[in-house]
Amino acid sequence: MHQQSTKNGLSWQPSGTLTETERLESERDFWRGLFEQVVEEIPEPTLVVDSNGILTHLNAEMKRNYGLEDSDIGKRGIDVIGTEGKDEILATKIARTEQSVREDTFRAVELPDGTIWCRAMGMPLYAPDGEVVGAFEATPIVTDMVEQNRAMAAVQEQVSEEISKATEQAIDSADDVAESVTEARSVAVEQADAMDEVSGEVGSLSATVEEIAASADEVSTKSTEARALAESSREDGEAAAETMDDVAEGGSEVAERTRTLAERIEEIDDIIEVINEIADQTNILALNANIEAARAGDAGAGFAVVADEVKSLANEVQSESERIEELLGETREDATKTVTGIESLTEDVRDGADKIETLVENQRRIAQTIRDAATGMDDIAAATDDQAVRTEEVASMVDSASAMSESVKAETDAAVSANERQLQVVAEIADSVRHLEATMAELTDS
């Protein structure tokens, strides 16, 4: 036997010139070459370890994806390909447990250039005598698949969330519609009942409007009478204002005359002062006469009597003068009070005149307002007559509206039934979406 290179790899053909040892060595080299060719040609990162976990083979994909070199062959796998939280790589575990392994889940591997995802598989390698001499591990890189699945899951989650939200909104909207339609149906029922009542009340309203028209005519008549009374009141107020003006003028004249009287009293005071001076001088003369009569003795006795009489008269004059002065003081005080009272009265009269003028102006306004009210009442009377006619028309329209309300009620009942069917359909859509979401989740996990 001998090895022969071919285009596709190695071939082994027997040769009668080889010894048994040479034949076995040739066979060994042949199968080893095939094994190495298989390891190298597998299109996924692949490695081989011996029973002690020492790396014996690394293919180009393993070197490229994990950043390894030929110099790493002969080192412990765990030292070259460190796995966080593990004390051995998968191939070493396979050699130790003699169990083939295919990982159920994807595994992240942190590398200097970033994270890659893989899903390793491997099997133990046996010697001809059945002893495990190592393990073979292939680590397919599934990063693109994982990222694609993640993107698909994210999109599916977003779509499911949006659909669920839209479905919930549709259900809520349908609930609102159902509630609104139900309420509308209730309102329609109430409206139908109310329209029946209104139909009856409008008939009564027509009669009431006719009564209002009659009352409006009566009010118009009363307004005309009130206008006449207001005109009369205004005329009386103007006459009262003129009278108050005359009284005020008379009061002013009396006050002026009282001031003149006070001035005359002042003149009388001056006269009384003169009389008092005369009385004093008369007393002095009487005193002098008595003195002279005393000097004359019996011859002056008659003169002394006359002097006494003169003195007595002077005293009486002075006493009366004092009395007049006292009366004049009281008269002056009364005149002053009278002037003050007349002035105050005059002012009050003038205020009263102003108020009467205001009253007259108010009466004018009242009369104008009543005239306007009378005109308005005439308009109201005319409008009420027209309203009575229109009310009859409204009564007819209400009867038609009542019939339409019955139709609305029937249509609303149909809308409620249709909406209930819509709610059922939306609920079925929501169940279908949830089922789709669960199915997509299972596919993503697998």
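How many salt bridges does the count come to? The count comes to 14 salt bridges, where a salt bridge is a side-chain nitrogen of Lys or Arg within 4 Å of a carboxyl oxygen of Asp or Glu. Welcome to this predicted model, in which local features need pLDDT of at least 70 and side-chain atom pairs count only at pLDDT 80 or more, while totals for chains, interfaces and linings use all residues. Residues are numbered from 1 along each chain as its sequence is written, and side-chain values use heavy atoms, with hydrogens and water left out.

- Helix H1 spans residues 20–41 and holds both Arg 23 and Glu 27, which sit 4 residues apart, about one turn of the helix. (Helices are DSSP runs of H or I with at least four residues, strands are runs of E with at least two, and both are numbered from the N terminus.)
- Arg 23 and Glu 27 form a salt bridge, with 3.4 Å between the closest N and O atoms.
- Arg 23 is partly exposed, at a relative accessible area of 21%, and Glu 27 is also partly exposed, at 25%. (Buried means under 20% relative accessible area, exposed means over 50%, and partly exposed is in between, using a 1.4 Å probe and protein chains only.)
- Asp 29 and Arg 32 make another salt bridge through their side chains, at 3.3 Å from N to O.
- Because Asp 29 and Arg 32 are 3 residues apart in helix H1, about one helical turn separates them.
- Asp 29 counts as partly exposed at 26% relative accessibility, and Arg 32 counts as partly exposed at 46%.

- In helix H6, Glu 326 and Arg 323 lie 3 residues apart, about one turn of the helix.
- The side chains of Glu 326 and Arg 323 meet in a salt bridge of 3.8 Å, N to O.
- Glu 326 has 44% relative accessibility and counts as partly exposed; Arg 323, at 42%, is partly exposed too.

**The aromatic pair**

- Searching the whole structure turns up 1 aromatic pair. (Rings of Phe, Tyr and Trp, the last by its six-membered ring, pair if their centres lie within 6.5 Å; planes under 30 degrees apart count as stacked, over 60 as edge-to-face and the rest as tilted.)
- The pair is edge-to-face because the rings of Phe 30 and Trp 31 have planes at 75°, with centres 5.1 Å apart.
- Phe 30 is buried, with a relative accessible area of 7%.

**A strand hairpin**

- Strand S6 (residues 107–111) pairs with strand S7 (residues 114–118) in the antiparallel sense, over 5 bridges. (Two strands pair if DSSP finds at least two bridges between them.)
- A hairpin of 2 residues joins S6 to S7.
- Arg 107 stands opposite Cys 118 in S7.

**A nonpolar surface patch**

- Ile 271, Ile 275, Leu 313 and Val 317 make a nonpolar surface patch of about 320 Å². (Patches are made of residues with over 30% relative accessible area and no salt bridge; like charges are joined within 9 Å, and nonpolar side chains, namely Val, Leu, Ile, Met, Phe, Trp and Tyr, within 5 Å. Accessible areas come from the Shrake-Rupley method with a 1.4 Å probe, and for residues only the protein chains shown count as cover.)
- Helix H5 (143–296) and helix H6 (301–445) each supply at least two residues of the nonpolar patch.
- Leu 313 lies in helix H6 and counts as exposed, at 51% relative accessibility.
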